[in-house]
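Please consult the sequence and the structure as displayed here.

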Amino acid sequence: MANIYEDKTGNASQSPEDSVSETVGPEVNERSLLRRIDAHLLPAVGILYLLSFLDRSNVGNARIEGLLDDLDMTGDRYLVGLSLYFVGYVLFEIPCNIVLKRTSPRVWLPTLTIVWGIVATLMGIVHNEAGFLAARFFLGVAEAGLFPGVTYYFSMWYKRRERQYRVALFFSAASLAGAFGGALAYGIGRLRGVVWTNGWRWIFILEGIATVLIATGAYWFVHNYPDTSTFLNEDERKAIHQRLAADSDATHQEDFSWAAVREALQDPKCWLYGLGFHTMSLPLYTLSLFLPTIITNLGYKAATAQLLTVPPYAFAFGTTIAVAVLSERLGRRAIFIGGSAIFAAIGYSILLGNTDPVARPGVSYLAVFFAAGGIYPATALVLSWPTINVSGQTKRATATAMQISIGNLGAVLGTQLYRSHDGPRFIVGHSFALGYLLANAIVVAILAFVLRKENKQRELVAEEIKDVGEVPDWRGDVDPRWRFEY
């Protein structure tokens, strides 16, 4: 094995974990190696997720640029289109992760991105409601495999406590997509009158083409797993194997197993992880899909509303990174998820309390900062939870897909809540979002209680073992020697 040593700061990584002490052979600086892994993995998958969130949420920007009028579509039928995206997403979530397990990230992730880029581009040339509805459904199908696939992918590279921060960085691309989306929509909207009367078609076409072009290059800059990645030498591969063996099953040569899929489906904790995201997905997607509409209903013109969506997302990007760092350093998950959800709930309480948003738009706009600043960090942390706690490669891949599938059922409901005649207060939508955020705090507390109780029960049976990668009879997280993080 490679000799992993710490640099002069005494830290091996941004995680609080200690370096592996058993060393043999040539020296490898663990901190430097971790930075190299980050540099090769995070920008690549982060760009793909930015494109994913941009292509799914730019429909909100397109709406206020004349989409409904040109397609002769009512506001309620538009909401059906939003829901169909999540129907396709939920149906194909688990199958996509199974395909990833049987193929490779370098092939599967860019291929998915090209497919949804083509669908997103074609959305710009639909001429009726049926075309719009079909395009939204197939966009959901194509995007279904990216997020759960990447969280599983990270589990094959990073130690447990390192994953949360990386998943949060990866998810922060969603808030950046919101910021970029507003700015891009403002600029692209100026193309109204070029070929078409309104500029919404150009939003889909130009952003979709950009996705296809970037995804084509992703075949060269997305890497596979440590054993075959070309940017590593043999000593570095051994060092990664040694790091992962400290607390992860990623070093096991595990074949796909339907028994492991059933194990995930029968584990109540996996369903609670899903419920944790379910209670976040409704406020997450209602905000990302309807923020331009909410701001327009405050009395702003479309172009101004596009620009005003940028600052709340920029704030959300900052809070996501800050909360992820604090959570990692303190080794606490539930308190930061629940606390962020409550922070967002304050925003929706303000939105509901403002009885005249048009007269007092500043109050509602301030509330949006609370909402975005809490929703994004809470979502990032809750999505990283199963990647930390579920052991067994196939079970973990299934659990993450389950979490997104269950979670996005909340999004399906959320897309029906912000109806055209409900503005400018949107009492129904804001009330549901507030209720879901408070429910998230309750679910997270219950899950933390369950995990803590199970840890205490296991302490009476067996001592904790962290070198699971070197245990030949390792049975995954059902083994009493495994400990959960909460």
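The points below cover the overall fold, the salt bridges and a surface patch.

The model is predicted: local features need pLDDT of at least 70, side-chain atom pairs count only at pLDDT 80 or more, and totals for chains, interfaces and linings use all residues. Residues are numbered from 1 along each chain as its sequence is written, and side-chain values use heavy atoms, with hydrogens and water left out.

**Overall fold**

- The chain has 17 helices and two strands; these are DSSP runs numbered from the N terminus, with helices being H or I of at least four residues and strands E of at least two.
- For 486 residues, a compact globule would have a radius of gyration near 23 Å, and the 22 Å of the chain agrees with this. The radius is taken over C-alpha atoms, and the globule rule is 2.2 Å times the number of residues to the power 0.38.
- Along the principal axes, the C-alpha atoms fill a box of roughly 70 × 45 × 45 Å.
- Of the 486 residues, 61% are buried (buried means under 20% relative accessible area, exposed over 50%, partly exposed in between, with a 1.4 Å probe and protein chains only).
- Among contacts (heavy atoms within 4.5 Å) between residues at least 6 apart in sequence, 81% join residues at least 24 apart.

**Salt bridges**

- The structure holds 18 salt bridges, each defined as a side-chain nitrogen of Lys or Arg within 4 Å of a carboxyl oxygen of Asp or Glu.
- Arg56 pairs with Glu143, their closest N and O atoms being 3.0 Å apart. Arg56 lies in helix α1 (residues 30-63) and Glu143 in helix α5 (residues 129-143), so the pair ties together parts that are 87 residues apart in sequence. Both Arg56 and Glu143 are buried.
- Arg77 and Glu129 form a salt bridge at 2.7 Å, N to O. Because Arg77 belongs to helix α3 and Glu129 to helix α5, this pair ties together parts 52 residues apart in sequence. Arg77 is partly exposed at 35% relative accessibility, and Glu129 is partly exposed at 21%.
- A salt bridge of 2.8 Å, N to O, joins Arg481 and Asp479. Arg481 is partly exposed, at 21%, whereas Asp479 is buried, at 3%.
- A network of salt bridges links Glu263, Asp267, Lys269, Lys395, Glu454, Arg458 and Asp477.

**Surface patch**

- Val87, Leu91 and Phe92 make a nonpolar surface patch of about 250 Å².
- Leu91 is found in helix α3 (residues 75-102) and is exposed, with a relative accessible area of 54%.
- Patches are made of residues with over 30% relative accessible area and no salt bridge; like charges are joined within 9 Å, and nonpolar side chains (Val, Leu, Ile, Met, Phe, Trp, Tyr) within 5 Å. Accessible areas come from the Shrake-Rupley method with a 1.4 Å probe, and for residues only the protein chains shown count as cover.
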